Amino acid sequence: MSHARSEYADFRRQAPGLYDAILAVSQQAAKAGLDKQLLELVKIRASQINGCAFCVQHHVLLAEKLGVSADKLNLVVVWREAPQFSARERAALAFTEALTKLDGGVGDEVYALARAEFSETELVFLTSAIGVINLWNRYGVAFRWTPAERPARAAS
């Protein structure tokens with residue numbers, strides 16, 4: 001039995017124009033050239049913070065398809081303690097946490113780390129990716145969207 005108030009597919013059907021607009025913004029960072037694996041890590045981390053099971057699962061499955069290692073996927077929740085993450089990924093994850101929690105804004109140190117790893121334009125698109133996953137998380141949490149089932153693996 002589902003605990004969902006409504007499902008992701010309901011949102012697409014109920015508000016197709018809104019869905020299309022949010023999806024279009026969601027795609028801009030990758031279209032601008034930001035690494036898709038890095039973007040999935042950012043989306044997973046924001047979704048973890050916001051408690052959106054649907055988005056965590058959705059982006060874990062996408063990250064796996066893109067070849068993100070199981071270690072990174074398992075450790076993104078504790079990325080500061082895990083050596084698997086590059087300086088660029090660490091800067092993006094710190095920036096993600098600052099923009100998702102908003103408890104003190106983006107401090108100078110976090111901004112400097114992000115700015116050292118990303119151009120001004122990249123930082124604009126990274127910020128948009130973080131903002132839009134936070135928006136998706138609001139829908140997923142409000143309506144308790146059911147996370148996707150992991151596809152069954154074919155028998156060998």
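These legends describe close-up views of a predicted model. Residues are numbered from 1 along each chain as its sequence is written, and side-chain values use heavy atoms, with hydrogens and water left out. Local features need pLDDT of at least 70, and side-chain atom pairs count only at pLDDT 80 or more, while totals for chains, interfaces and linings use all residues.

**View 1. The largest nonpolar core has 14 residues.** A nonpolar core is a set of buried Ala, Val, Leu, Ile, Met, Phe, Trp, Tyr and Cys residues joined through side-chain atoms within 4.5 Å. Buried means under 20% relative accessible area, exposed means over 50%, and partly exposed lies in between (1.4 Å probe, protein chains only). Within this core, Phe118 and Leu126 touch the most other members. Helices α4 (36-50), α7 (87-101) and α9 (120-143) each supply at least two of its residues. Helices here are DSSP runs (H or I, at least four residues), numbered from the N terminus. The largest share of the core, 4 residues, comes from α9. Apart from this core lies another, of 13 residues, including Tyr19, Phe54, Cys55 and Val132. In soluble globular proteins, nonpolar side chains tend to be buried together.

**View 2. Leu126 and its contacts.** Contact means heavy atoms within 4.5 Å. Leaving out residues up to four places away in sequence, Leu126 touches Leu34, Leu38, Leu39, Val42, Ala92, Phe95 and Phe118.

**View 3. Helix α7 packs against α9.** Their axes lie 10 Å apart, at an angle of about 50°. Axes are lines fitted to C-alpha atoms, for helices over the stretch in contact, and angles run from 0 to 180 degrees between N-to-C directions. The two helices are therefore oblique to each other. Angles under 35 degrees count as roughly parallel, over 145 as roughly antiparallel, 65 to 115 as roughly perpendicular and the rest as oblique. On the α7 side, the residues are Arg88, Ala92, Phe95, Thr96, Leu99 and Thr100. They meet Glu122, Leu123, Leu126, Thr127, Ile130 and Asn134 of α9. This contact has 6 nonpolar, 4 polar and 2 charged residues. Ala, Val, Leu, Ile, Met, Phe, Trp, Tyr, Cys and Pro count as nonpolar, Asp, Glu, Lys and Arg as charged, and the others, Gly among them, as polar.

**View 4. Helix α4 crosses α9 at roughly 40°.** The axes come within 9 Å. That makes α4 oblique to α9. From α4, the contact includes Leu38, Val42, Ala46 and Ser47. From α9, it includes Leu126, Ile130, Ile133 and Val141. The contact divides into 9 nonpolar, 4 polar and 2 charged residues.

**View 5. Ser47 in helix α4.** Ser47 has 0% relative accessibility, so it counts as buried. Beyond four places in sequence, Ser47 touches Cys52, Cys55, Val56, Ile133 and Asn137.

**View 6. Phe125 in helix α9.** With 24% relative accessibility, Phe125 counts as partly exposed. Phe125 and Leu34 are 91 residues apart along the chain, and their C-alpha atoms are separated by 7.8 Å. Not counting residues up to four places away, Phe125 touches Gln28, Ala29, Ala32 and Leu34.

**View 7. Leu102, in the loop between α7 and α8 (108-117).** Leu102 is not a glycine, although it has a positive phi of about 50°. Its relative accessibility is 56%, so Leu102 counts as exposed.
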